[in-house]
Amino acid sequence: MIYLDHNATTPIHPKVLEAMLPFLGAFYGNPSSLYRHGRLVRSAIDTARSQVANLINVQPTQIIFTSGGTEANNLALQSIPPLGKLAISAIEHPSVSQPAAHLQQKGHDLTIIEVDNNGLVTQAAIDKAIAEKPDFVSIMLANNETGVIQDVARYAEQFNALGTTVHTDAVQALGKIPVDFEQLGVQLMSLSSHKIYGPKGCGALVFAKGTTITPMLRGGSQEQDYRAGTENVAAIVGFGKAAELACAELVARTEHLTNLTTLLESALLGIPGLSIFAQHAQRLPNTVQFGIDGMDGEMLLMKLDQKSIAVSSGSACASGGNTPSPVLLAMGVEANLAKSAIRISLGLNNTEAELLEFITVLKSLVNPAY
């Protein structure tokens with residue numbers, strides 16, 4: 001199989017699996033226990049917390065481990081005061097947009113920060129949101145579909161002047177581009193393990209000191225009283241190791257992915273009727289989303305799957321319905337073209353040969369005359 005869907009999930013790195021295995025077997029103690037077996041496990045969690053913190057330039061005490069990016073996003077939105085105003089960008093992941101919509105139904109004012117045709121938040125939309133004086137703002141660092149990178153630091157500075165709590169979903173950016181919590185100037189940041197070659201079932205919410213966080217889970221003092229429940233030790237250890245590897249290999253990974261993406265886009269643009277979305281915006285080094293006139297994205301996805309090539313359609317986050325991606329619609333993409341969307345997200349193990357084979361197969365499916 002040619003796997004081209006790394007924004008959905010990544011395979012566990014062999015070194016990550018190696019680090020996890022002892023905590024799925026011999027080291028099974030409860031990290032809250034005071035005897036040696038528990039203390040050893042607690043030490044492993046502390047190490048992982050430091051590894052994740054080092055990747056994003058924060059102190060270990062600023063890391064709250066969660067079950068993943070979705071929980072981290074939901075926990076972040078819990079910090080909104082009663083009937084407080086909130087604003088989110090029009091291209092947020094459903095784990096931000098749906099909780100925000102739920103808060104709106106409960107009486108919170110919600111402002112949508114619009115984006116331009118390249119998927120970039122506009123200053124005019126920021127000015128509109130600032131006029132509403134929101135208590136909480138969420139702008140994702142890099143979009144999961146298009147890969148477009150937002151100037152979060154610039155906008156966070158403007159909202160900070162109002163005393164607004166600023167959150168960024170950095171799930172897709174982590175491990176692909178440098179992510180520095182302090183430089184971004186945000187108060188909250190969401191992360192996920194399985195996007196950086198770590199295990200599923202683990203993520204983190206990063207917080208600035210003094211930020212108000214309201215727990216969703218109560219019943220224990222774990223994670224500094226912010227998230228009750230016995231920790232998923234093996235997954236946390238894996239997340240830590242994956243963060244350590246990402247930190248050490250970031251430059252090499254970026255170069256590898258950029259070279260592959262350059263090759264891929266050059267070949268794609270030779271296909272008649274094909275458009276690369278947000279082509280001229282700064283994007284993640286591994287992400288290319290495109291549409292083809294007259295094609296149905298989900299049908300094309302299934303045909304590629306029959307050829308043992310795994311990709312994503314633009315509506316993958318809303319699977320089960322043949323509706324165009326809200327992200328692409330927010331960018332002004334025409335609905336039929338948006339329905340043709342295919343996302344390619346490359347990973348460490350992809351090769352030029354795989355991409356050339358993908359292009360050959362894609363051309364044969366788009367136009368049998370090829």
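Start with the lining of the largest pocket: seven of its residues are nonpolar, 13 are polar and four are charged. (Ala, Val, Leu, Ile, Met, Phe, Trp, Tyr, Cys and Pro count as nonpolar, Asp, Glu, Lys and Arg as charged, and the others, Gly among them, as polar.) You're looking at a predicted model, where local features need pLDDT of at least 70 and side-chain atom pairs count only at pLDDT 80 or more, while totals for chains, interfaces and linings use all residues. Residues are numbered from 1 along each chain as its sequence is written, and side-chain values use heavy atoms, leaving out hydrogens and water.

Now select N7, H93, V171, Q172 and K195, which lie nearest the centre of this pocket among its 24 lining residues. The space inside is about 340 Å³. (On a 1 Å grid over the protein atoms alone, a pocket is an open set of points with protein on both sides within 12 Å along at least five of seven lines; a cavity is a set where a 1.4 Å probe fits but cannot get out; lining residues have an atom within 4 Å of a point. Volume is the space filled by probe spheres set on the points, which are joined across faces, edges and corners.)

Next stop: the largest cavity, with about 80 Å³ of space. Pick G175, K176, K195, Y197 and L257, the closest to its centre of the 13 residues that line it.

Time for some charged pairs. Side chains of opposite charge can pair when their charged atoms come close. The structure holds seven salt bridges (a side-chain nitrogen of Lys or Arg within 4 Å of a carboxyl oxygen of Asp or Glu). Select D5 and R343, whose closest N and O atoms are 2.8 Å apart. This pair links distant parts of the chain, 338 residues apart, with R343 in strand β13 (residues 342-345). (Strands are DSSP runs of E, at least two residues, and helices are runs of H or I, at least four, numbered from the N terminus.)

(Buried means under 20% relative accessible area, exposed over 50%, partly exposed in between, with a 1.4 Å probe and protein chains only.)

Then jump to helix α8 (residues 233-268), where E244 and K241 sit three residues apart, so about one helical turn separates them. Their side chains meet in a salt bridge of 2.7 Å, N to O. E244 is partly exposed at 34%, and K241 is partly exposed at 23%.
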